[in-house]
Structure formats: C-alpha cells, structure tokens
Protein chains: 2
Amino acid sequence: MKDAPRLDRQVCFALYSASRAATAVYRPVLEDLGLTYPQYLVMLVLWESEPKGVKELGGELGLDSGTLSPLLKRLEAMGLVERRRSGEDERRVAVHLTPAGRELSSKANAIPQRLAEAAGLSDGELEQLRSTLERLTEALHSSH
Amino acid sequence: MKDAPRLDRQVCFALYSASRAATAVYRPVLEDLGLTYPQYLVMLVLWESEPKGVKELGGELGLDSGTLSPLLKRLEAMGLVERRRSGEDERRVAVHLTPAGRELSSKANAIPQRLAEAAGLSDGELEQLRSTLERLTEALHSSH
DNA sequence: CACAATTCAATTGTGCACAACTTATCTCGA
DNA sequence: TCGAGATAAGTTGTGCACAATTGAATTGTG
C-alpha cells in the first residue's frame, strides 16, 4: 500500500512521542517527591489556589472524575491532600492541601528548569512551541 | 506559594494537553476502523513494511514488549495481524499482516487529513511544529 | 410544593505505558 | 564446546485516560 500515511510525517505521532519523552524526563525527578506526572499537575493547580472541587481541577487539567477520583485518593493516602464534603453543596468535594502538601511545593520549585535544560531548545523556541501547542489544543477542542 | 511553577507556563503541560486533544480527534475516526490510536500506529508501521519483529516495532514507536505484546494479541484477535515464531531465531516473533489487515489501509488513507483540518494551523506551521517536536524528542531522549 | 432534569463525584471496565521480572533462545569467549 | 551473559518476547503490577453508569444532592418548572 504505497500511499498509506507515513508514520514519520504525522504531527500526531510527533506530539505523542514528545509528550512521552517529556514525562520520561520528569519521571526520575518526580520520583524523589513520590509523585507521578499527573499527580504533580494536580499539586501544581492546588499550589496556585486551594481548596478546589474535583470538577474545577478537571476543568483546568482536562481530566474527568474517572481519572481524578482515584488519583486524589492516592494523594490523600500519601497525606498531601484532604477531601472534605462541602457543607453548602453536599455533592461537591473540596480538595485541600495538608501542611505536608503545601510543604512539597518548595521541593518542586526547581523542577521545570530540568525540562528546559533537557529540551535542547532556546527559551524563545520553547515559548513559541508552547504558544503553538496551546493554539493547536484550542483548535482541536473546538473542532467537534 | 507565590513562586511555585505555574501550570500555564509549562511546555510539558502544553505537550500533554495537545497530545491528548489530538488523539481525541482521532478517536471517533479510528472507531470506525475498530482501532485505538496506538493500534493505528502499529498498523501504520506494518503498512509500510512487514513482517516486523516486536522489537523492531517497538524501536520505531518507542514502545516496549510490555505494551506491544497485549496490543498485538488484540490485533491478532481482530484478525488484522498474525504472529509467527521465526524459524531461524526461535526467540523472535514475526508480525505479519493478514489480508484483512492489509485491506484496512485503504480505509485509513483519509485519516491524517482529518487532523490537519481540525488543527487550525497552516501546512507550514504544522511542518514547523513537527520538526520542532522531533528535535525536542531527540534532545529529551539523549538527555539521560 | 412536587418532581423531572441536571449536576457532582465515584465506580466499573477497557486499553495503554512502563517498571520489574520470567522464560526461552542465542552468542561468544575461555 | 560449554557455560556466562545477552537478547527476544511475554507476564505482572501500578497508575493513568476515558467511556459509560450509578447514586446522591440540587435546581428549575409547572
């Protein structure tokens, strides 16, 4: 089938590969904190502002409760977050940081630098890449 | 924690989001073929050249036997590929396309166009994005 | 007020990723 | 040639993603 799409021409495969390569670079660094990459993302959001409902977290990360509920349960078991049923709306669960969870932020500050160093791209290129990716994500989301 | 890394500044998160958004666009299209995105990637490689060993497939896709073995088992159950123990080297398993697997290629030809349309980027931008991503992946791989 | 429709979180089930390990086969050097 | 090390594929166990469903709480409407 000579006109089948070629793997090495596909932006989608390039995205998939780059994304896995990036989390692979993060993996050993995050292991020191005892976090996986998605767990780290949740902590990043909470370090910026907490408490947050599961729905809100999902909105910022693009994840649903099917992914977040077990992930948050693990973070809670590690003693980094606490889930409290909201008083006003009993459907909602507010995710709070524990002191240990807040504490972890200082250890995490140096992390993004690692990827930048490993990336082999200039600051300008990284910034342009980020901006292109955000436009792409936006366009893909609104395409259906 | 005001100097914690910010989610929206991270290239890594942009990559992770874009990659998931892209496979989400592919998902309904691939569903018509009965394939998941990683299964589609394996078929792409085989459509270019077959048979291939599990190791070779893994080399091109960056996946190991832990991921590929069950995936190939599912493709085999669907009747798209066949696994044959190599005669010369009994350790190797050659993955062949079945006629049905070869056939599927024609249905798949139109697929990459879909992403391009949904991407909202010009051909030039897509090409530049792909090239940047490939350099990035390369640099990330060689960073350890 | 009543109650149908909606919303939120959790659960279930499938399929990747990936580390760690297992088993079978092969290769190469003493 | 024989045995240690390397290599190929598969298995096991953990943790995402995501669709589909469930159950509880809330909201909107007649």
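**Entry 1: elements of chain A**

I began with the inventory of chain A, which comes to 7 helices and 3 strands, where helices (H or I, at least four residues) and strands (E, at least two) are DSSP runs numbered from the N terminus. The model is a predicted one, and I kept in mind that local features need pLDDT of at least 70, that side-chain atom pairs count only at pLDDT 80 or more, and that totals for chains, interfaces and linings use all residues. Residues are numbered from 1 along each chain as its sequence is written, and chains are lettered from A and ligands numbered from 1 in the order in which they are written.

Reading from the N terminus, I noted the order α-α-β-α-α-β-β-α-α-α for chain A. Along the principal axes, the C-alpha atoms of chain A fill a box of roughly 60 × 35 × 30 Å.

**Entry 2: the sheets**

I then followed the strands of chain A, which form an open sheet of 3 strands in the order 1-3-2 with antiparallel pairing; two strands pair if DSSP finds at least two bridges between them. Strand 1 (52-53) and strand 2 (81-85) of chain A each have a single partner strand and stand at the edges, so one side of each lacks a neighbour in the sheet. Strand 2 and strand 3 (residues 93-97) of chain A pair antiparallel over 5 bridges, and A:R85 stands opposite A:V93 in strand 3 of chain A.

I superposed the copies by least squares on the C-alpha atoms of residues with pLDDT of at least 70 in both, and chain A can be laid on chain B with an RMSD of 0.0 Å by a turn of 180° and a shift of 0.0 Å along the axis. That is the relation of a two-fold axis. The same surface serves both copies, since 100% of the contact residues of chain A recur in chain B, a contact being two residues whose C-beta atoms, placed from the backbone, lie within 7 Å.

The contact takes 53 residues from chain A and 53 residues from chain B. Helix 1 (11-31) of chain A gives the largest share of the side of chain A that touches chain B, 14 residues. I sorted the residues of that side into 32 nonpolar, 11 polar and 10 charged, with Ala, Val, Leu, Ile, Met, Phe, Trp, Tyr, Cys and Pro as nonpolar, Asp, Glu, Lys and Arg as charged, and the others, Gly among them, as polar.

**Entry 3: DNA strand C**

I counted 25 residues around DNA strand C, the closest being A:G53, A:K55, A:G66, B:G66 and B:E90; a residue is near a strand if its C-beta atom, placed from the backbone, lies within 6 Å of it. Among the elements that each supply at least two residues of this surface are helix 3 (54-61) of chain A and helix 2 (37-48) of chain B. By class, the surface near DNA strand C has 7 nonpolar, 8 polar and 10 charged residues.
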